[in-house]
Amino acid sequence: MQALMMNSQLMISSILKHAEKAFPTQEIVSVTVDNPLHRYTYKDFGARSRKLANALTTLGAKFGDRIGTLAWNDYRHLELYYAVSGSGMVCHTINPKLFPEQVAYIINHAEDKFIFVDVLVFPLIEALKDHLKKVEKIIVMTSPAAMPETSMDNVVCYETLLEAENDSFEWPEFDENTASGMCYTSGTTGNPKGVVYSHRSTILHALVGALPDSTGARAEEVCMPIVPMFHVNAWGVPYASIMVGSKLVMPGPKLADGETLHKLIEGEQVTYSSGVPTIWMALLDYLNKTGKRVNSLKTAGTGGAACPIGIIETFNKKYGTTVKQGWGMTEMSPLGTIYSPTAEMADYTQEQLIGLQAKQGRCVFGVELKIVDEDNNELPWDGVAFGALKVRGPWIASGYYGMSQTPGDNDCPVDSDGWLNTGDVAMIHPNGFMQITDRTKDVIKTGGEWVSSIDIENAAASHTDIAEAAAIGRYHPKWTERPLLIAIKQPGANIDKDALMAFLKDKLHKWAVPDDVVFVEELPHTATGKLNKLALREKFKDYEFPAA
Ligand code: ADP
């Protein structure tokens, strides 16, 4: 028997239509190059997004065209999210911090028709102009006064474009499985691969992402996504928070600038914010140096890389902010798991809760998890067994753009059992909390043991004299591989190798204690702010452990 319910398609434009009617006066505050504190309402946002949809039609965009963006977190980028997807095109966000040749590869592979570019990123487009064969127009996201000088003849000003349009536009309804967005994975090995989101996957992800135990997005909250809008749609925040009517604060290009982030948090009374751990390090460093506080900030969402326990502790103990760690991937839209305590944990001590926050959290509804051994046998959730982590669900990629869609094929992320192989190694505790122990390629295999590089890094970073640490496996004649720790000291700290090793002996299994420590001034990070282990392995490729 068929149900008797309206079969409305899940459309991204429906978020905008709802939000501007239900919360017309709610604010969106942005930092941009042409205005350090731009402020407008959801009503203005709706009207300008409709103008932009008309402008896209005027420019000649057709249903299904890919429209690239190279931009920071601000209101114009938000307008693109809604106008492009809402009118049936694909909003293809590109990370401007990638190597120029990767940016060119991504734009050409996706066959982007137009590129919308932030004025700060425009020099990158000028440098690449001869390589972008299919791009018809470049639209610089600024006002006429701030337009850069250029010899290119296909460059248009965003505000001039909008000026010429009216704000009436009927958002079309079409199949909810239509592509709405694209994001290429950073591609630490091989070329970047295109993940293609749909209207349906985006809406379902936003609904679950907004739940109280996910981000807890609400109309009362003031939300500042620091995670870039080119990195998995800023983790879906621009959809979930607008769906529920939160005030949004967008830090523009100032994503790692402690002073600006503090000013925005205090000035706009931000209650929830999300970013990778390196962002939180920058903010905490600024607060520590200036003695300033972030009293309104109830929750700091983090993910993308394991969050050092020092960040969780400082936020909890010094500032009363709860760190909510989540885990996911570009291929997962990205939400997979998140910190969610239950009533039975009400009498946990602060230390116990901090211990839980340092794990990756429980899977949210919609995401199935399993861990398997090398023969693909499922392992128990006992907090002891660990193995390859696999996932499936309605906002998880079934394949990459232009590559094989057949499960089990080499270039398809889905294995022949129908589950996406995350490339992570994890254990799952009996209480449902998942703990990433490593990425498959970063696990240190010493003798017969598997050592988690993340465990070593967390142990080292819990020393007050250590600012950041990375552990990699290096060749050892007896054990095949042994851990090498590479660390940055806190400014002014004079800890030495022996003192750090002695500290680690108390924290780690005997075989996990690194054989050597090298202090450095800087550690390499990827374009999304993660430790770049590949670069470290390359840098230390000729390293030899001291003779015992
Ligand atoms: P890329 O794979 O290109 O770096 P993603 O942002 O998709 O880009 O990275 C996903 C990976 O990041 C996960 O597979 C996992 O290894 C890591 N990751 C994400 N969140 C966490 C977390 N909370 N703790 C540890 N690792 C994480």
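This is a predicted model: local features need pLDDT of at least 70, side-chain atom pairs count only at pLDDT 80 or more; totals for chains, interfaces and linings use all residues.
Local features need pLDDT of at least 70 and side-chain atom pairs count only at pLDDT 80 or more, while totals for chains, interfaces and linings use all residues. Residues are numbered from 1 along each chain as its sequence is written, and side-chain values use heavy atoms, with hydrogens and water left out.

Helices (H or I, at least four residues) and strands (E, at least two) are DSSP runs, numbered from the N terminus. Two packed helices are described by the angle between their axes and the distance between the axes. The axes are lines fitted to C-alpha atoms, for helices over the stretch in contact, and angles run from 0 to 180 degrees between N-to-C directions.

The crossing of helix 1 past helix 3 is left-handed, meaning that the near helix is turned anticlockwise from the far one by less than a right angle (clockwise would be right-handed). On the helix 1 side, the contact (heavy atoms within 4.5 Å) is made by Ile 12, Ser 13, Ile 15 and Leu 16, and on the helix 3 side by Tyr 82, Ser 85 and Gly 86. Sorted by class, these residues of helix 1 and helix 3 come out as 4 nonpolar, 3 polar and no charged. Here Ala, Val, Leu, Ile, Met, Phe, Trp, Tyr, Cys and Pro count as nonpolar, Asp, Glu, Lys and Arg as charged, and the others, Gly among them, as polar.

Helix 1 also meets helix 7 (residues 199-209), with axes that come within 8 Å and cross at roughly 50°. Helix 1 is therefore oblique to helix 7. Ile 12, Ser 14 and Ile 15 of helix 1 touch His 199, Thr 202 and Ile 203 of helix 7, a contact of 3 nonpolar, 3 polar and no charged residues.

Helix 3, in turn, packs against helix 9 (residues 237-244) at about 85°, with the axes 11 Å apart. That makes helix 3 roughly perpendicular to helix 9. Leu 78, Tyr 81 and Tyr 82 of helix 3 contact Pro 238, Tyr 239 and Ile 242 of helix 9; this contact has 6 nonpolar residues, no polar and no charged.

On to the strands, where two count as paired if DSSP finds at least two bridges between them. Strand 1 (residues 27-30) runs antiparallel to strand 2 (residues 38-41), joined by 4 bridges, and parallel to strand 11 (residues 247-250), joined by 3 bridges. Ile 28 stands opposite Tyr 40 in strand 2 and has Leu 248 as its bridge partner in strand 11.

Further along, 4 strands form an open antiparallel sheet in the order 17-18-19-20. Strand 17 (368-372) and strand 20 (434-439) stand at the edges with a single partner strand each, so one side of each has no neighbour in the sheet. From one strand to the next, the twist averages 45°. Within this sheet, 5 bridges join strand 18 (residues 386-392) to the antiparallel strand 19 (residues 420-428), and Lys 390 sits opposite Asn 421 in strand 19.

Another open sheet has 3 strands in the order 23-24-25, with mixed pairing. Its twist averages 25° from one strand to the next. Strand 23 and strand 24 are antiparallel over 10 bridges, with Ile 472 partnered by Leu 484 in strand 24. Strand 24 (residues 480-489) and strand 25 (residues 516-519) are parallel over 4 bridges, and Ala 487 has Phe 519 of strand 25 as its bridge partner. Strand 24, helix 15 (residues 497-505) and strand 25 make a right-handed β-α-β unit: with the strands pointing away from the viewer, the path from the first strand over the helix to the second runs clockwise. Helix 14 (residues 453-461) lies across strand 23 and strand 24, at about 145° to strand 23.

Most residues other than glycine have a negative phi, and most peptide bonds are trans. Trp 235, in helix 8 (residues 232-235), has a positive phi near 60°. A cis peptide bond with omega of about 10° joins Ser 333 and Pro 334, and Pro 334 is in the loop between strand 14 (322-328) and strand 15 (335-338).

Methods:
Angles under 35 degrees count as roughly parallel, over 145 as roughly antiparallel, 65 to 115 as roughly perpendicular and the rest as oblique.
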